[in-house]
Amino acid sequence: MRHHMAMPRHTCGNSRRVASSSPIYGPCSATSASVSGNFQVTCTTLPPLTTPRRYSPTFFRKKKEHILTEDNHAVVVAFLDSLHGCYSDELAAAAKMEERVSFYRTTNPEIARLFHIDTAAKLPCLILLTKEEEQFTLYDGEFKRYAIANFVSANKLPLLPTLTQNTVSSLDGHPIKKLIILLAVANESSKFLPSFKEAAKSFTGKLLFFFLEKDSEECKQAAKLLYIPCTGEETTVLAYTTEDKREIPLDSEVSLDTIKKFAQDFLEDKLVISGTVPESNDEDFKIVVGNDIDQIVLDESKDVLLVIYHPMYHPDLPMKTTNNLAKLLRDINSLVIAKMNGATNWHPRAKLRLLEFFKILFYPAGRKRFEPIAFEGSSAADVVEYYKFIKKHAGIPFEPISALEQVGPDHGATETEIEEPPRLP
């Protein structure tokens, strides 16, 4: 029995995707070879694994057209030293975690070479083939079930799939949450697709790239599922996050360089949606926009309470209460109380998600690298509750406000019941 060999732990970025302008298997395409031992499973049924069938390489060449069916996103092929043992078991376990991917294993070097697997390399070896591209992705991670499953999940879609209702459904549970989408009008697809596909190669395993033709009815239905507007007569590029259901348009000319920079900024959380920065901002309840977040909300020298609201659907009471709170605490120099319109502004660290209309987040001074603390009290909370929330989490201690300290927790103080403290000279 072979000893387990130390291999580097896999990350999505460590996989190597190889593309070819001609078939990579000589007379066969990248989607046309097979090996023995099918472990295909579905999302609802896990059929028992049977003893791997043994076929000759000639058989697989003749049956190449059956390897990737319409129901499969990809095929995984593993070249092992034995069809039994820990490696085979790990592969079988990984297969049960993946939907619409066919898993195969073989010990035959000639079959392995059909997939350009280096038969002289240390075993086990694993390769993933996508359905719609003449390309394969080599796996160089640890041969463990969860690592293999994560690798397959991140790479099983083609380099540039068309956005359809089926591909939208495949995004559920996908480890990559960030998409770059080309929305092209029909007569411009051929003009922009080459640059878009070339850009996609630089972000394999990091971002998902999709193509959507605005004139296609199927694509329109897919766009509707993602809440993406599919209108207009111009080709556009969008960044989209499946967590927030929010799109960010590329605001420059579509080219290889602009797409790559746009995608890199999205990957590094540098993209924002912003309203106009206010000319003056002297009110106690500050106004921030997307472009202000880094300078105001993420300022390490300040504690910041940020109210994010939707102008049409937010509850009125907490807006009035936090506005009063800002007046009461206006002389605490280390504290900023601000509000942001979440419909017209979006920042990776300050945002409303789909069907969210109101939230209150606290960003403690000196701890801005961590996630903000959400206020989870009632929408009917009074100024005392907000005050105690701020005081509990503040990164910079401040002098107590006597008018708020003396009010009991069940008092239910309102704006008229607490007098504003005088301004400090």
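So, start with Ala-239: its bridge partner in β9 is Ile-248. This is a predicted model, by the way, so keep that in mind throughout. The strands involved here are β8, residues 236–241, and β9, and they pair in the antiparallel sense over four bridges.

Now zoom out a bit. What is the strand order of the open sheet that holds β8 and β9? Reading across, you get β7-β6-β8-β9, four strands with mixed pairing. At the edges sit β7, 208–213, and β9, 246–249, each of them pairing on one side only. And if you ignore direction, neighbouring strands in this sheet are turned by 30 degrees against each other on average.

Next stop, Ser-189. You'll find Ser-189 in helix α6, which covers residues 189–200. Is Ser-189 buried or exposed? Its relative accessible area is 7%, and the cut-off for buried is under 20%, so Ser-189 counts as buried. The side chain of Ser-189 makes a polar contact of 3.1 Å with the side chain of Glu-213. Setting aside neighbours within four places in sequence, Ser-189 is in contact with Ala-184, Phe-211 and Glu-213.

In soluble globular proteins, nonpolar side chains tend to be buried together. Here, the largest nonpolar core has 26 residues, and the ones with the most contacts inside it are Leu-305, Leu-325, Leu-329, Ile-337, Ile-390 and Leu-404. Which elements give two or more residues to this core? Those are β11 (303–309), α10 (316–328), β12 (335–341), β13 (358–363) and α11 (383–393). The largest share, six residues, comes from α11.

Let me pick out Ile-337. Not counting residues up to four places away in sequence, Ile-337 touches Leu-305, Leu-325, Leu-329 and Ile-390, among others. The list also includes Asp-284, Phe-285 and Lys-286, plus Thr-322 and Ala-326. Then there's a second, separate core of 24 residues, and that one includes Leu-160, Leu-207, Val-237 and Phe-262.

Last bit, the overall numbers. The protein has twelve helices and 14 strands, and 48% of its 425 residues count as buried. Take the contacts between residues at least 6 apart in sequence: 75% of them join residues at least 24 apart.

Note on methods. Residues are numbered from 1 along each chain as its sequence is written. This is a predicted model: local features need pLDDT of at least 70, side-chain atom pairs count only at pLDDT 80 or more; totals for chains, interfaces and linings use all residues. Side-chain values use heavy atoms; hydrogens and water are left out. A nonpolar core is a set of buried Ala, Val, Leu, Ile, Met, Phe, Trp, Tyr and Cys residues joined through side-chain atoms within 4.5 Å. Buried means under 20% relative accessible area, exposed over 50%, partly exposed in between (1.4 Å probe, protein chains only). Contact means heavy atoms within 4.5 Å. A polar contact is a pair of N or O atoms within 3.5 Å; within protein, one must be able to donate a hydrogen and the other to accept it, and residues adjacent in sequence count only if both atoms are side-chain atoms. Two strands pair if DSSP finds at least two bridges between them. Axes are lines fitted to C-alpha atoms, for helices over the stretch in contact, and angles run from 0 to 180 degrees between N-to-C directions.
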